[in-house]
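Let's take a friendly walk through a protein model together.

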Amino acid sequence: MSSGSRERTAAHLRELLETEGDAVAGNTRGFNRGRYDSVAKLDDYDGLKAEAREIKEDAIERLPELIESVTGAVEDNGGTVYVADDAADANAYIAEVCADRDADRLVKSKSMTSEEIEVNDRLDERGVDVVETDLGEWVLQVADEAPSHIVAPAIHKSREGIAELFNERFDPDEPLETAEELTAFARDRLGELIEGADVGMTGANFVTADSGTLALVTSEGNARKTVTAPDTHVAVAGVEKIVPSVEDLQPFIELIGRSGTGQDITSYISLLTPPMNSPTVGFDDPETPITDGETDRDFHLVLIDNGRMAMRDDDELRETLYCIRCSACSNACANFQSVGGHAFGGETYSGGIATGWEAGIEGLDTAAEFNDLCTGCSRCTEACPVNIDIPWINTVVRDRINSGTDVNAEFLVDGLTPDAEGDGGGPGLQKRLFGNFETLAKLGSAFAPVSNWVANSTPAGYLLERVAGVDRRREFPAFRRTTLREWHAERGSDADDPEREVVLYPDPYTNYMLVDRGKAAVRLLEALDVAVTIPDVPGSGRAPLSQGMIDTATATAREVSEALGPYVDDGGDVVVIEPSDLAMFRGEYERLLPGSEFEPLAENSYEIVEYVYGLLANGADADALSDGGGESVAYHSHCQQRTLGLAEYTRAVLEECGYDVTTTDVECCGMAGSFGYKRQYYDLSMDVGENLGDQLRAADADRVVASGTSCTDQIGDLLGADPLHPVELLAPEG
């Protein structure tokens, strides 16, 4: 990405933050809080998610067979099934149906698949008036805007903005102001348009192969009106929407509303097996009972491939097809909460899962426009009701985008970066710089303190910003001439009578810069009678993986496994200070290493305060640690630490040591590793972080504590004072 491209991206994000940010943030965060509250009421939330995933895995595996099955079921019911190769094919068929009906108007309920194929524009070109009947979609149709959210398409619009739009466009007798007035106006106007429609179109949340039943999950009654008022119904659905049977719908019905908007159950759950025998409504003859109307109905199910079967054959993108379009990944994402789908989205789809959809349907160029907004924080993984590994899909797509990138000014990092990955070139300079952070850290440490003066000097700041897009408003942590490994090798172990031995994993930040944090970790473990070894081992591969450099991350993972394997084989435990590295060991390494290497490391690695909690629970003496004496602490846990379910261990240990702890509920600080250092994302990073800053200021605690390096860096910038890592608070004085 060139300097000009970075500036354009930054300007676009700033505009969205100013114009749509408040509305998007209020709605998505509300949905996300609702999800937490709603799923907490389920007896077996994880079991439901596992069941839903199993059904989707089976359905996608048997997809050709299920397409045949649903075709037979619909035809037996008297309907027609058309399997469209792509958008043009689908639109041509739908236009033919409208022509056969001599249709002047088609009314639609909300359907992302119809957005994908752009059916509105194609029908309009053929003289068919297309009317959206979902309130949000209709607002956007009137405004001539694209959706910004999979479930709530007008989430970026305020009530005041909609009122201004309606008053300007429709010039009502009395100006519209309240939500009730706006809704009533839309209901009456859309009701008239539905009455005069010739064809109704819906999507389908699910299609059952056994009976041809459509499941429509909506918050409004417009879908039912769209189906029942006209005598012709066209349903469009991606082939991935098929599930084997009606019985398979149960876990999805339980999960989809809770995951998307926090509703225990969505307002309207409609199961339709068309063509139905119910008569059409005779609006021109209100005296005649509805049961006396015509029952001759026409139904067309248009199943759309449009790249899906190729995605099914792609081992890395296949999981995308498990998506049930609930939007949980969007609502849980800190970046999406700030800028919405008009930035974090492509031609049709938005949010975390959008990268997979857009790469598979539109191509890598479209996915590349927003892929980097996924920071890999992993919050969406926990939120997804079918357990899709969304960050991995984003990483894979980023890797594929990199392989087609034209690398400029490569000489600036010649010798510091691995060879270009893939056949098409390699990651750009900015990604190479951050992906090879460990190499830079080694050099910075070797030449400290001169390197610190150079790195934070004004000329270097301007050069790095201009050439590599490193925002000069960020200050780099100081490199240390003596590394943590060198200090420990000279000092040796200081445990008096060790009952256990552990390997303390020296991540690059701790080893080369935040050495005092590493020393505190050593003292903390030794105070609990644990002997510490610090081996010579490379970074976990998190840095290159975050930039989509999968080959480099894989090679690094192998080196880590080879270095730590002997300790693990001898029964040793690996203790990690940085939660993102533990997430690599317990998560991503499963994708990068053989099971024989991944499993022992995953099973014997621990976050440091998690490990301390285990020691205290098994008899270690908390009096050996720092005494809080009732001092108040505001604690922010790292996002991947939350995903791993470890945040409560830190709180529990701090409280056992006498600290009065308040925990923030903000899920991301906004820094996300290198993300907040990138020029084009600085303003977004700080906007995300300000939500955390507000909570920490309101807590007015004696101490601020955070568990991740990214978090401490960001909080330092937000508050103007560096917070502590928990080990620095808990460790006895050295």
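Helices (H or I, at least four residues) and strands (E, at least two) are DSSP runs, numbered from the N terminus. The model is predicted, so local features need pLDDT of at least 70 and side-chain atom pairs count only at pLDDT 80 or more, while totals for chains, interfaces and linings use all residues. Residues are numbered from 1 along each chain as its sequence is written, and side-chain values use heavy atoms, with hydrogens and water left out.

Most residues other than glycine have a negative phi, and most peptide bonds are trans. Where does R325 lie? Its place is the loop between α13 (308-312) and α14 (328-332). The phi of R325 is positive, near 60°, although R325 is not a glycine. R325 counts as buried (under 20% relative accessible area, with exposed over 50% and partly exposed in between; 1.4 Å probe, protein chains only), because its relative accessibility is 8%.

S378 also has a positive phi, near 80°. This residue belongs to the loop between α17 (364-368) and α18 (379-383), and it counts as buried because its relative accessibility is 12%.

| Cis peptide bond | Omega |
|---|---|
| P274 and P275 | about -5° |
| A448 and P449 | about 5° |

P275 sits in the loop between β9 (268-272) and β10 (298-304). P449, in turn, is found in the loop between α21 (437-446) and α22 (450-455).

**Helix α31**

How many of the 10 residues of α31 are buried? Seven are, so this helix (residues 608-617) is mostly covered. The buried residues include I608, V609 and Y611. At the start of α31, the backbone nitrogen of V609 has a side-chain oxygen of E607 within 3.2 Å. Just after the helix comes G619, with a positive phi of about 105°.

Is E499 buried or exposed? E499 counts as exposed because its relative accessibility is 68%.

Notes:
Polar contact = N/O pair within 3.5 Å; in protein donor to acceptor, adjacent residues only side chain to side chain.
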